[in-house]
Amino acid sequence: MNIGHRAALVAALTALLAGCSALPGAEEESAGRGGSGGGSDGDAVAAGRPSVDGAAKAVVSGTFDTPLVMGGKVDIAVMGLKVRGRLATLTVRLTPRLPADFSDQDPNPYRLNGRNSLGTALIDPVNLKRYVVVKDSSGSELQSNDISTHIDNNQPAMLTYTFAAPPENVKAVDVQYGSWPTFRNIPVER
């Protein structure tokens with residue numbers, strides 16, 4: 001095999017392994033499928049750059065009492081509700097503010113909420129619906145675990161909850177989060 005053939009073979013293999021196509025006609029094939037990379041047009045999710053959910057600035061936040069300990073507080077910040085395809089992911093930043101002499105310096109959300117599940121839900125004021133966290137095929141809720149997630153005192157933790165996405169006509173929802181007051185008019189990012 002001559003050097004020209006080897007170089008062409010290496011370039012083709014590199015392109016295949018990198019997950020992109022440098023082969024002639026690849027653009028036409030992708031464009032012919034609507035650029036979705038396969039699947040039906042109704043089920044396609046817009047491709048984009050890989051990213052991580054999480055905004056630098058909270059949409060809304062508040063500091064509330066926690067029933068865990070007298071004088072204990074918890075900072076709760078709703079970081080955003082982002083829709084992708086038929087799912088919506090709510091990101092919440094939770095920061096316990098417990099007295100320094102309290103024995104549990106890394107509580108879980110369950111204990112911060114008075115030994116109750118957070119029961120996180122979205123309230124749709126347009127369609128009068130309540131959205132609960134979706135479950136996967138094994139019956140597990142797609143959310144951060146209230147019990148196994150431990151948060152160091154005075155340190156923030158990002159928690160996520162996945163719901164069926166509200167319809168396009170819903171521009172904002174209310175968020176029920178634990179026993180704390182409801183967060184109102186949280187924008188639905190699409």
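A salt bridge is taken here as a side-chain nitrogen of Lys or Arg within 4 Å of a carboxyl oxygen of Asp or Glu. The structure is a predicted model, in which local features need pLDDT of at least 70 and side-chain atom pairs count only at pLDDT 80 or more, while totals for chains, interfaces and linings use all residues. Residues are numbered from 1 along each chain as its sequence is written, and side-chain values use heavy atoms, with hydrogens and water left out.

Under the salt-bridge criterion, the count is four. One of them joins Arg97 to Asp75, with the closest N and O atoms 2.8 Å apart. This pair links distant parts of the chain, since Arg97 is in strand 3 and Asp75 in strand 2, 22 residues apart; strands (E, at least two residues) and helices (H or I, at least four) are DSSP runs numbered from the N terminus. Accessibility is classed by relative accessible area as buried (under 20%), exposed (over 50%) or partly exposed (in between), with a 1.4 Å probe and protein chains only. Arg97 is partly exposed, at 34%.

Arg184 forms a salt bridge with Asp174, the closest N and O atoms being 2.9 Å apart. Because Arg184 lies in strand 8 and Asp174 in strand 7, the pair ties together parts that are 10 residues apart in sequence. The two partners fall into separate accessibility classes: Arg184 is exposed, with 53% relative accessibility, whereas Asp174 is buried, with 9%. A further salt bridge is formed by Arg111 and Asp104, whose closest N and O atoms are 2.1 Å apart. Asp104 is buried, at 13% relative accessibility. In general terms, side chains of opposite charge can pair when their charged atoms come close.

Strand pairing was assigned where DSSP finds at least two bridges between two strands. Strand 7 and strand 8 run antiparallel and are joined by three bridges. Within this pairing, Val175 has Phe183 of strand 8 as its bridge partner. The hairpin of strand 7 and strand 8 has six residues between the strands, and Gly178 there takes a positive phi near 60°. Strand 8 also pairs with strand 2, in the parallel sense, over two bridges. Leu81 stands opposite Val188 in strand 8. Lys82, which is placed in strand 2, is partly exposed, with a relative accessible area of 29%. The C-alpha atoms of Lys82 and Pro187 are 8.7 Å apart in space, although the residues are 105 apart in sequence.

Aromatic pairs were assigned to rings of Phe, Tyr and Trp (its six-membered ring) with centres within 6.5 Å; planes under 30 degrees apart count as stacked, over 60 as edge-to-face and the rest as tilted. Three such pairs are counted. Phe64 and Phe183 form an edge-to-face pair, with 6.0 Å centre to centre and 85° between the planes. Phe64 lies in strand 1 (residues 60-65) and Phe183 in strand 8 (residues 183-189), so the pair ties together parts that are 119 residues apart in sequence. Phe64 is buried, at 17% relative accessible area, and Phe183 is also buried, at 6%.

Tyr161 and Tyr177 form an edge-to-face pair as well, with 5.7 Å centre to centre and 80° between the planes. Tyr161 belongs to strand 6 (residues 157-164) and Tyr177 to the loop between strand 7 (172-176) and strand 8, so parts 16 residues apart in sequence are tied together. Both Tyr161 and Tyr177 are buried. Ring pairs link these two residues and Trp180 into a cluster.

A nonpolar core is a set of buried Ala, Val, Leu, Ile, Met, Phe, Trp, Tyr and Cys residues joined through side-chain atoms within 4.5 Å. The largest has 32 residues, and those with the most contacts inside it are Ile76, Leu90, Tyr161 and Tyr177. Two or more residues come from each of strand 2 (73-84), strand 3 (87-97), strand 6, strand 7 and strand 8. Strand 2 gives the most, with five residues. Contact between residues means heavy atoms within 4.5 Å. Ser144, in the loop between strand 5 (129-132) and strand 6, is buried at 15% relative accessibility. Leaving aside neighbours within four places in sequence, Ser144 is in contact with Thr149, Met158, Leu159, Thr160 and Tyr161.
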